[in-house]
Amino acid sequence: MSRIGRLPIVIPSGVTVSVSDSVVSVKGPKGELTVNVATPIAVTVEDNQVIVTRPDDERASRSLHGLTRTLIANDIVGVTDGYSKALEIVGTGYRVAAKGASIEFALGYSHPITVDPPAGISLAVEGNNKVIVSGISKQAVGEVAANIRKLRKPEPYKGKGVRYEGEVVRRKAGKAGK
């Protein structure tokens with residue numbers, strides 16, 4: 001039995017969870033999210049709890065059991081609290097500025113890079129070297145943060161680039177001189 005999958009998910013007040021066919025809809029104060037449930041997995045709502053069950057112990061069922069439970073739990077947290085990821089810009093001349101809903105990066109290229117947030121994601125700038133990506137979908141927040149980091153990954157010699165807050169960049173020794 002999956003240790004994660006068998007745990008019931010408690011539904012907080014202000015959140016409604018509805019199951020129809022293979023779609024679980026979660027509505028809360030911050031918005032609405034849906035999860036498509038794979039075929040062998042069954043989801044039920046009873047006594048203010050969401051219970052995820054699997055019909056058998058086949059490999060596919062076991063792998064989807066915990067995943068489905070975690071996706072539903074993430075959506076419940078998302079519609080109540082939301083998710084956010086902070087990114088730091090490190091480097092001489094590297095900076096970020098807000099331009100309406102989008103943000104503009106100066107990352108050492110010959111041109112500025114403008115990033116427009118997708119629907120459901122908000123981008124905030126703190127100072128001139130910190131960006132906060134926030135939204136209700138954990139997957140979407142992580143993907144947008146990863147795409148921003150991909151613009152200029154931290155390099156190992158000076159540590160310059162875009163990194164997650166608290167990320168440790170492993171530094172290398174430079175060229176040994178004569």
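This is a predicted model: local features need pLDDT of at least 70, side-chain atom pairs count only at pLDDT 80 or more; totals for chains, interfaces and linings use all residues.
Setting aside residues up to four places away in sequence, serine 61 is in contact with Pro40, Ile41, Arg54, Pro55 and Asp56. Serine 61 belongs to helix 1, which covers residues 59-80. Is serine 61 buried or exposed? Its relative accessible area is 3%, and because buried means under 20%, serine 61 counts as buried.

### The chain as a whole

The secondary structure of the chain comes to two helices and 13 strands. Taken along the principal axes, the box filled by the C-alpha atoms is roughly 70 × 45 × 25 Å. The radius of gyration of the chain is 21 Å, whereas a compact globule of 178 residues would have one near 16 Å. Of the 178 residues, 33% are buried, and the accessible surface of the chain comes to about 10700 Å², with 50% of this area belonging to carbon and sulfur atoms.

If one looks at contacts between residues at least 6 apart in sequence, 51% of them join residues that are at least 24 apart. As for charge, the chain carries 25 positive and 17 negative side chains, and the centres of these two sets lie 15 Å apart.

The largest nonpolar core has 19 residues, and the members that touch the most other members are Ile89, Ile103, Phe105, Leu123, Val131, Val133 and Ile148. The elements that each give two or more residues to this core are strand 7 (83-90), strand 9 (102-106), strand 10 (113-115), strand 11 (121-126), strand 12 (130-135) and helix 2 (138-149). Which element gives the largest share of this core? That element is helix 2, with four residues.

Valine 131, one of the members that touch the most others, shows what such a position looks like in detail. When neighbours within four places in sequence are left aside, valine 131 is in contact with Lys85, Ala86, Leu87, Ile89, Val96, Ile103, Phe105 and Ala124. Apart from this core there is a second, separate one of 18 residues, which includes Leu33, Ile41, Val43 and Val52. Ile41 from this second core is also among the residues in contact with serine 61.

Valine 162 is found in strand 13, and with a relative accessibility of 0% it counts as buried. Beyond residues up to four places away in sequence, valine 162 touches Leu87, Glu88, Ile89, Leu107, Ile148, Arg149, Arg152, Lys153 and Pro154; among them, Ile89 and Ile148 are listed with the core members that touch the most others.

Leucine 151 is found in the loop between helix 2 and strand 13, and at 22% relative accessibility leucine 151 counts as partly exposed. Leaving out residues up to four places away in sequence, leucine 151 touches Phe105, Leu107, Tyr109, Ile113 and Val115. Leu107 is therefore touched by leucine 151 as well as by valine 162, given that contact means heavy atoms within 4.5 Å.

Glycine 174 lies in the segment after strand 13 (161-164), where, at 59% relative accessibility, glycine 174 counts as exposed.

### Pairs compared along the chain and in space

The table sets the separation of some residue pairs along the chain beside the distance between their C-alpha atoms.

| Pair | Apart in sequence | C-alpha to C-alpha |
|---|---|---|
| Serine 20 and valine 43 | 23 residues | 9.5 Å |
| Leucine 151 and leucine 107 | 44 residues | 8.2 Å |
| Glycine 174 and lysine 158 | 16 residues | 9.0 Å |
| Valine 162 and glycine 31 | 131 residues | 30 Å |

Serine 20 has its place in strand 2 (residues 16-20), and its relative accessibility of 44% makes serine 20 partly exposed.

### The loop between strand 5 and strand 6

Aspartate 47 is found in the loop between strand 5 (42-46) and strand 6 (49-53), and asparagine 48 lies in the loop between strand 5 and strand 6 as well. What is the value of phi in aspartate 47? It is near 55°, a positive value in a residue other than glycine. Asparagine 48, which is not a glycine either, has a positive phi of about 60°. Aspartate 47 counts as exposed at 73% relative accessibility, while asparagine 48, with a relative accessible area of 48%, is partly exposed.

Methods:
Residues are numbered from 1 along each chain as its sequence is written. Side-chain values use heavy atoms; hydrogens and water are left out. A nonpolar core is a set of buried Ala, Val, Leu, Ile, Met, Phe, Trp, Tyr and Cys residues joined through side-chain atoms within 4.5 Å. Buried means under 20% relative accessible area, exposed over 50%, partly exposed in between (1.4 Å probe, protein chains only). The radius of gyration is taken over C-alpha atoms; the globule rule is 2.2 Å times the number of residues to the power 0.38. Accessible areas come from the Shrake-Rupley method with a 1.4 Å probe; for residues, only the protein chains shown count as cover. Lys and Arg count as positive and Asp and Glu as negative; His and the chain ends are not counted. The place of a charge is taken as NZ of Lys, CZ of Arg, CG of Asp or CD of Glu.
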